Every structure is written in C-alpha cells, then in structure tokens.
Amino acid sequence: MKTLEIPTFECETGNYHTFCPISCVAWLYQKIEDSFFLVVGTKTRGYFLQNALGVMIFAEPRYAMAESEEGDISAQLNDQKELKRICLQIKNDRNPSVIIWIGTCTTEIIKMDLEGIAPKLEKQLGIPIVVARANGLDYAFTQGEDTVSAATTHRCPEYISCATNQQIEGEIESVAIGAAPNKKFFSQKGKLGKCSLVLFGSSPSSVASQLNLESKRQSISVSGWLPSQKYTELPALGQGVCVCGVNPFLSRTATTSMRRRKCQLVGAPFPIGPDGTRAWIEKICSVFDVKPDGLEERENQIWKNLKDYLGVVTGKSVFFMGDNLLEISIARFSIRCGMIVYEIGIPYMDRRYQAAELLLLQETCAKMETPMPRIVEKPDNYSQVQRMHELRPDLAITGMAHANPLEARDIDTKWSVEFTFAQIHGFTNARDALELVTRPLRRKNSSVLGCHSLSRQTVES
Amino acid sequence: MKLAYWMYAGPAHIGTLRVASSFRNVHAIMHAPLGDDHFNVMRSMSERERDFTPVTASVVDRHVLARGSQEKVINNISRKDEEQRPDLIVSTPTCTSSISQEDLQNFVDRASLSSESDAIPADVNYYRVNELQAADRTLEQIIRHYLDRARKQGTLDRSVTDVPSANIIGIFTSGFHNQHDCRESKRLLGESGISVSQVIPEGASLKYLKDLPRAWFNAVPYREVGLMTATFSEKEYGMPYTSISPMGISNTADFIAQIGKLVNVWASVLSERRLNYRLYVENQTKFVSQAAWFSKSIDCQNLAGKEAAISGDATHAASITKILVREMGIRVGCAGTYCKHDAERFNEQVQGLCDEVIVTEDHTEVGDTIARIEPSAIFGTQMERHIGKRIDIPCGVISSPVHIQNSPPGYRPFPGYEGTNQIADLIYNSFNLGMEDHSPDVFGGHDTKEISTKSLSTDRKDINWTPEAESESNRIPGFVRGRTKKNTEVFAKQNDIPEITADVMYAAKERSSP
C-alpha cells in the first residue's frame, strides 16, 4: 500500500457564521413525535428560531420559548416555580411524553441549575424532563442534536445482556422488538443474535428504513434508533449493544453511550455517498463477523446511475466554509466524484470519532490522485473570503450570510444548511446529495447573463 | 418567564444592527455567542443583499465568560479598523453582554485610542426595549454624536439651503417596503418643489451628517423609527418636523398641507413667496391616484359594509384603518398594533374608526379576536396571513414582520399617490372578488361532484403494493408522492415485478433519473 498524505489541521480564530445549536429543535421535534421542546432563554433565541424555522413556525410546532425576563435574570423570580408553571401549561395544552429543556447561553451565564431542577419537576409533574445544554458558548449548529441525543442516551432502557446462549436469543429479540421503531424487520432473525445494533443520529423515517434495509441485506438487523420516532420507543442500551453513528457531529452521543451505557462503538465512515455507505456497511459487517455480500456491485451500480451528474462536477473545485460538521464526509464524497477540494472548514473536529472517515478521505485522495485538502477548524470567515478571492473556486459551500454576497461576486454557492435537511444518507439518496451539489453548477450552464460581478461594493471602490 | 411561540418585534440588538448596517461604511461588532449573528442571514436573504453585511460578532465563549472579554472586543475593533477602514464602529450589546455586564464604553474608549475609525457603544437596554425602540434610539445616538462633534469642532453649518429642502428620516434596511417608500416620498417632495437633502440612515454617509440642520424640515414617514432623531433636531437645532405618514389619500393630503405650512415659514422670509399646494393635491387625487375613482367605481360597491380586521405596526395599522373606513367604506371590526410603547397615539388615531382596539404582543390574542369577529378579510403581518390560512380568510400583508415575498423587486410603495394605487390593489385583491363571492354560494360551489381520485396512476389493478410499501410511501412528502408512486409502478412494470415492496420503491428511486 502506498503511503498516504497525512491530513493537516489548522485552527483559526473561530469568527465564523453558523446557526445557533438550538436550531436542532427544528428537526428534532419533528423526528420525536411525542416530544415538546422548551427553549429556556431570551428573546434573541426566540427571534433566531422564528426566523430560521421560517414557515414551520406557523404549523403549531411542538416547541416554545420560556422567555427570560428581567426578573429572571436578577433572580427576583424563582426559576423552579417559573419553570413549573410553564411546564404545567405545556402539559395541559399538549400532553407530550417528554419535555426537553434546551439550555441556552443565558441559562449558562446566570447559572440556572436546569439539571438540578429537572428531576424535581419530573417527579411533581409526572412527565420526563430531559435537559440538553445546546448553547452557542460551547457548540455549533448540528452539535445541538448531539447534546440532545447524549442527554437522551441516559433515558434508554437497560439492555438485558444474555451472552451467546442460543436459547435465550429469542428473548433478546423480543426486547429489541419492544424498542424498535420499525418492527417489521424483526420477523426475520439475523445470523448473529449475540450483539444488538443500535444506530444513532436523527434521520427522516424513510432514510432510517432505507439504512435498516441495507443492513438487513447483510443479515444484520438494526434493533433500534436513537432518537426513535417516539420517546416511548427508545432503544435498549447496555453491555452487548453495538452502536454506530450515521452523522459526523455526534461525538458526545458516542462518548456517552460508550462510557455511561457500556456500549461498543463501531467507528465507521458515515453513510454519505455510495462510497461512504459501502464503507459504513462493511465496517458494521466486520464487527458482526459477516461477509459483505454484493456491496461492490451495488456501489458500482449507483455510480453508474450518477453518470450524468458526475459529468457536471468532474474537475470542478469546491471550497467548504464550514458550519455544520458534515464537511469532511461531503468533501470525501465530492473528491470521489472527481472534484477538487481546496479547503474544508469545519467548526469542530473530533479526530477520534471521525477517525475512520478521515482515513477514508485520505484513501480517496490517494485513489483520485488529488492532494489532501487543508482542514481548517474554527475558521475565520473574513480570511476565508480573502482566500476564496485568490482561489476562485467553482463552488463555495457556505451559510446563507455569505451566499448572496458571494454570488454577486461571481462565485457559485451552495447553501450548506440544505445538507442538514435534505436526505443524503445511504445508496438510495446519493443522487439527492449530488443534486444539491450540482444545482448551482447546472444553473450556471444555462445562464445567459453577461455581467459577472453584481456587487455594489466592488463597483464603488 | 413567559411562554412564547412567536414575537412581532425582535430583540433590541436587531434594531441597532439594522440602523448601523444601513449607513454607508459603518460596521457593527456585536458582543455575542456563536450563532447570534443571524442578522446577517436575514439581511442577506430577505433583502437579497449583494454585499457582505457589515456586522461581525466578537464571539463570547467559555474563555470570555471566565475572564471577561477584555482584549477580545478591543482586538476585534482594531482588526476591523485595519481590514475595512469603516468610518464608524458601533459596538452592539446583546442579551449576553447585558447579563455579563461588560463595560462596552470602556472597551470602545480603549480601542479608539489605536484605531482610526470612530467607535461608539450602542446605548440600548436589551431587557427594556424592543427592536423598533432600539433602532430609534441608535439612530438618534449616531446623529447626536456627529452633530455634537461638528458643533464642537465648529464645522457645523446652520444656514438653511436657498431652496426648500427636507431630510427623510427612518428609511432603513429590512423595513417593510422601505426602498420603494423612499423613492415615492422623494417624488412626493420633489413634485412639491422640495429637494431632499439627505435620507438617513439608508445609504447615508457620516461625513454629510453635519449638514442635516441645513434642511428646512425633517420628514418622518414611520412613527416607529426616526421620531427621536426628529425631536432631538427640533430641540437642539430648531428644525421642525412632520410625522404624518403619507399613506392613503387623506393622509397624503394632510402631509402635503403640513409641509406647506413648514415650508411657508421660511419661504415667506427668504423669497416672500408663499407656496400653495391645493391645486397639486386636487390634480394628484383626481388623476394620478386611481384610488379615489376606484372606491367610487361600481366595482367597489361590493366592498361596502364588508368587515375587515387589522393588525401591524402602529404606522401601517393606523393608516390602513383610515383608508379602509374613510376611503373605501369598509367596516373595521378590530384594529390592533404590537407597538405597545406607542399605544396611546395609536388609540387616538383609530378612535371612532373601528369597533375595538387591541394592543398586544401576543399573537394568540390577535388570532382569537380575528376568529371571533370572522371578518371577510384580514390586513396584517405574516402571522395574520397564517392565521387567515387556518380559518380560511384572505389576508393582505401590510406590515412587518414579513417573509421574503414581501421584499418585491417590483415597485410597490405604500406612501404617496402611487402608494394609494398599490394599496387599493392590495385591498381589492384580498377580498373575494364580486362574482366569485356570489356564484359558488348560489350554485352550491364549483365542483358539486366528489372528485373520484387524486391519484396520478390510474391502472393499479395489475400491480400490488404490499402494506409495508404503502405505509412507506405515505412517508413521502405529499407534493412528490404521486410522482414517486408512478415512477415506482413504471419501474415495476419494466422489470416484471408483480408486487411492490419497500425494496422495490427504493430500487426505483436509485434507478430513476429525472
């Protein structure tokens, strides 16, 4: 095997634009059908959510703000009493199975003891209260989901470990059935019953069943997802459970399930793009001692179906400004598609949790004979824009704050948040992922406008 | 604590940022945690702004909490000073810096020792004022800063211009139709023989601010933002102002009468000539504005006696109420505003024009009132539009908060005579149109037969969907479900698959290229 180029990591100032991690309520309240998300904080958070969620806000979402007022900040009001009043109101109005408190910067700064208050109120109200501190002091955007998932990990039922005894295997299955969102997959028994597989990362239910199907093809059944479709259906965790992440931003969840729930973590690349999906399944198979069957043909078939899109992207250069932690996986997929990646900006890089993904990135670079892109942690948006002016990439994957200004300067952009909301996992959705990447490039091909820079600033100066 | 789902007016720092980023070459540095720079997204998206929003965050993280921002804010100010050489840097407090009680004034003082840009901290209390009040305050603060400085330096020119002139105060970024309103207001003043000397803050340069007092008077088209600046200029520099919003025919006439008065104070001194606008108003009302004729025309008879509900900011809600009642003969069941700080004046404005007045920041209260009244049309914000959708009542959007569709590229002013035309269109189109209103009721609706199928695939007999696949397909978003099902069936036929399982569905998706 030839030597691989080792990735280099740089770290900048952290002056970059991203969403506040509380935005995770936007997709999590839809994923966990019986939940209610209560964001404890000031008007700033509420205003952000209402603008970021756009139209969703009008659909009677199961989330709300507990808006801190001056009396809360100066402790003239009692936090516990206030929260009790509000949670009672929520219980009466919506009757959720769980209330998830999202702690914000405000609660951090005034040191509101949410973790301390929650168990007390939980007893008084008779409704589970999960506390996730998804604040902008510590986390970026998708890491919000990580904090929620990590907090939920503690609430999963205990897995009844029964080792290898064939007779008891049936019981294990039945435990898994009770916890699984998609019961249908358990009618068939997997070859290996000694270890149960739980996947973590919130995905739309159709993506979840696609990934379930993929592993079923290899005779490995998925016994549950974290988070599950309903809070009451959380999967069982414990010794003898293998957990595997489907998203690159879930390092806390991985750590918590390993350290606190004694699960075994399967460190695999993430199932984004056909290459990632194949590597992901292969890794799971290797843990379960299963010989992967027909994966190579399947991957090739998918690549064949992507031919028209690959024609659009091959040889094009791309610059990731970085804001949602999916960057490494998408960059790896883009390189495999024949693109040249100049820079991968990323808010936070967990080199242990993403180890397998980084290795696959290295291998992909070697295979495609492209240089290893620079990975910039905590990027500085201003410097990035300067670099972009020099590099002139064909495509910039960036947040909305920069998208229109860059377009006006004749740099094509793809809005990065779409990767968070679109279905990009698994073989089936590889096309959708590429659809996103190619959209600005395809639009350019059909554009007839002659004017290049439409910015006002450059015209003046 | 307050349980809240939605707010009409944003937090204070948004107001400060809107004002700061509207000036030319002014940069705002907010003191906030990661992710609080969402203002940049709003400006870039809903205003379709081409240039980078001149707002950066001095990010508050754990280190800052532990030891205070100290050097960080100062470094960020100096860095911005070197990179972009702004004329002014506005240090903006947020809820975070309010709680951590950072001394922004001190940071700014220290930073301005080394930087060439001016720097001031926005004097805004996060917990006591909302977006609009903060914008009003920040605008006054910046103007005061530069006028006072000019006065101290002796560069302030207080001689009034030779020809009648006015400043327009309160046009700024993310304001509801502000760009169009500005153009129309300029036209309105121009046609009245008044030159517009400056528009602030939108596109204004700080170096010209010292000439503000040279204008004969100030015009403040929106009550929410600009009044503080206008009263300050009146007190300190003796500049009169008008705060009548020229929206609707009678308001526009009032506005012109008012500026006539203001102009004639100087005109009689300077040129011994009095200006008379009577003929101008009459001509415009009769011929340029179609609204007067429109409401007289037979078409508009259908609207007589219909009921409407109104909600929005104080300026727009009051103006639209007046137009509906006085100019179009429509009954207003309730008129409301979320500008609680301006409640008194709002009450006064709509007194006697509507059955009830609601002043609230709670959208559920507005929604409940509308549902109770059951008007034929609603005029409000995006929130009321969605309330209307839910209870099946049409709604015209007349005020922020709004979505991107209310930043139209086309010319859609609210003030002035062209504004009256636009408003007439908006109102007329919001009600169900005359015949359409009658016919379905009389004939029992357009489609009396039940529609037999909405499915796009008609021949489903030979292909069998397993229950599992059926339930899987129900998870596909409604708007693509039909197409996906059809594609799947075509795929199944081509491959001689008798039964569609979830597997087949996904296989079809993998193969299909649009």
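1. Let's start with Asp36(B), which an unreviewed UniProt entry annotates as a "binding site". Keep in mind as you read that this is a predicted model. To find the residue on the chain, look in the loop of chain B that runs between strand 2 (26–32) and helix 2 (38–46).

2. Is Asp36(B) buried or exposed? Its relative accessibility is 6%, and the cut-off for buried is under 20%, so Asp36(B) counts as buried.

3. Now for the surroundings of Asp36(B). Setting aside residues within four places in sequence, Asp36(B) is in contact with His13(B), Met30(B) and Thr96(B) from chain B, and with Thr44(A) and Arg45(A) from chain A. With Arg45(A) there is a polar contact, side chain to side chain, at 2.8 Å.

4. That brings us to the meeting of the two chains. Chain A puts 96 residues into the contact, and chain B puts in 64. Together the chains bury about 6800 Å², with 56% of this area on carbon and sulfur atoms.

5. What holds a charge pair here? Between chain A and chain B the count is 8 salt bridges. One of them joins Asp138(A) to Arg62(B), whose closest N and O atoms are 2.7 Å apart.

Methods: Residues are numbered from 1 along each chain as its sequence is written. Chains are lettered from A and ligands numbered from 1 in the order in which they are written. This is a predicted model: local features need pLDDT of at least 70, side-chain atom pairs count only at pLDDT 80 or more; totals for chains, interfaces and linings use all residues. Side-chain values use heavy atoms; hydrogens and water are left out. UniProt positions are given in the numbering used here, feature names are shortened, and annotations may be inferred rather than shown by experiment. Helices (H or I, at least four residues) and strands (E, at least two) are DSSP runs, numbered from the N terminus. Buried means under 20% relative accessible area, exposed over 50%, partly exposed in between (1.4 Å probe, protein chains only). Contact means heavy atoms within 4.5 Å. A polar contact is a pair of N or O atoms within 3.5 Å; within protein, one must be able to donate a hydrogen and the other to accept it, and residues adjacent in sequence count only if both atoms are side-chain atoms. Buried area is the accessible area (1.4 Å probe) that two parts lose on being put together, summed over both. A salt bridge is a side-chain nitrogen of Lys or Arg within 4 Å of a carboxyl oxygen of Asp or Glu.
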